[in-house]
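Hi,

Here is the structure I promised to pass on. Have a look at it first, and then read my notes below.

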Amino acid sequence: MPFGYASPEQIMRDKADYARKGIARGRSVVVLQYEDGILFVAPNPSRALHKISEIYDRIGFAAVGRYNEFEELRLGGIRYADINGYTYDRSDVTGRGLANLYASNLGRIFTESIKSLEVEVVVAEVGDVPDGDAIYRLTFDGSVFDEHGFAAMGGQADAVGTRLKEGYRESMPLADALEVALTALTEPGGERPPVGQLEVAVLDRNREHRKFQRLVGPRLERLLAARPGAAAGSPLEADDSASDTPPPTAPEGDLDDGSPPL
């Protein structure tokens, strides 16, 4: 056997281990359905580097891992959606189509490149009714998981997923869903991230046209103040004239290959 030889199986295992370790260093992200759509929650100290974004009218994107790598995937998804929506029809742009595109790209990079991407991605699409909602989780090797109700990725994803499963129930109000997400993201006995270090967004089926909306500032504070089971009005009412995106601040760390996973 030649000196330095490694079997294809060993090479694949090494690349998979490398990617998993990189992803595990990032903070977890939770995606779950609530009564009016899909909620995204992520601890994120940076106001400039988003882990949660809009891709198209009804489609949201969340990722963990190396920022420069998942940002490239996000931009590629936006180009795909814009071209297909313009060439055919806006309704032809679907979460499943975008998930298939990402799966193909991730799988090709994993098998052909020396280094696999250190990313895990969720593509979520909100439907006109809850049964039309879709959550797709994609791993670094191009595997696709059609999740039902919720998904957790990055950091201690297994433990977060277990806590999420314990608290999740169908058709939760938004305040209840946010409470479940934060409970899942917080280690038992640990402290929750302050409001300023939370990135929260929704795909709200009741909004006209574009369904994606960031929840920030007073709007998020009101939602956090609402106790599970409390009555009434939607925390998303009012303040529609205010910007959904907070003023950018200096990035937390560099964006080069040495940047820590988000």
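Below is what I found, going from the whole chain down to single residues.

Before anything else: this is a predicted model. The average pLDDT is 86, and 85% of the residues score at least 70. The stretch to watch is residues 229-257, where the pLDDT is below 50. That stretch does have 42 contacts in the model beyond near neighbours in sequence. Still, where pLDDT is low, the predicted coordinates should not be read in detail.

On to the overall picture. The protein has 262 residues, and 48% of them count as buried. You'll find 6 helices and 10 strands in it. If you take the contacts with a separation of 6 or more, 66% of them are between residues 24 or more positions apart.

What does β2 pair with? One partner is β1, antiparallel over 5 bridges, and another is β9, also antiparallel, through 7 bridges. The link between β1 and β2 is a hairpin of 2 residues. If you want to find these pairings on screen, Tyr34 has Gly37 in β2 as its bridge partner, while Ala42 stands opposite Glu199 in β9.

Next, helix α5, which runs over residues 174-185. How much of α5 is buried? The count is 10 of its 12 residues, so to speak a mostly covered helix. Among the buried ones are Leu174, Leu178, Val180, Leu182 and Leu185, along with Asp176.

Ser116 is in the loop between α3 (95-112) and β5 (119-125). Is Ser116 buried or exposed? Its relative accessible area is 1%, and since anything under 20% counts as buried, Ser116 is buried. A polar atom of the Ser116 side chain lies 3.3 Å from the backbone oxygen of Lys15. Leaving aside residues up to four places away in sequence, Ser116 touches Lys15, Ala19 and Phe110.

Ser171 has a phi near 60°, a positive value in a residue other than glycine. Ser171 is found in the loop between α4 and α5, and at 52% relative accessibility it counts as exposed. Phi of His209 is near 60° as well, again positive in a residue other than glycine. His209 is in the loop between β9 and β10 and is exposed, with a relative accessible area of 66%.

That's everything from my side for now.

Cheers

Notes:
Residues are numbered from 1 along each chain as its sequence is written. This is a predicted model: local features need pLDDT of at least 70, side-chain atom pairs count only at pLDDT 80 or more; totals for chains, interfaces and linings use all residues. Side-chain values use heavy atoms; hydrogens and water are left out. Helices (H or I, at least four residues) and strands (E, at least two) are DSSP runs, numbered from the N terminus. The expected span of a helix is 1.5 Å times one less than its number of residues. Buried means under 20% relative accessible area, exposed over 50%, partly exposed in between (1.4 Å probe, protein chains only). Contact means heavy atoms within 4.5 Å. A polar contact is a pair of N or O atoms within 3.5 Å; within protein, one must be able to donate a hydrogen and the other to accept it, and residues adjacent in sequence count only if both atoms are side-chain atoms. pLDDT is the predictor's confidence in each residue, from 0 to 100. Two strands pair if DSSP finds at least two bridges between them.
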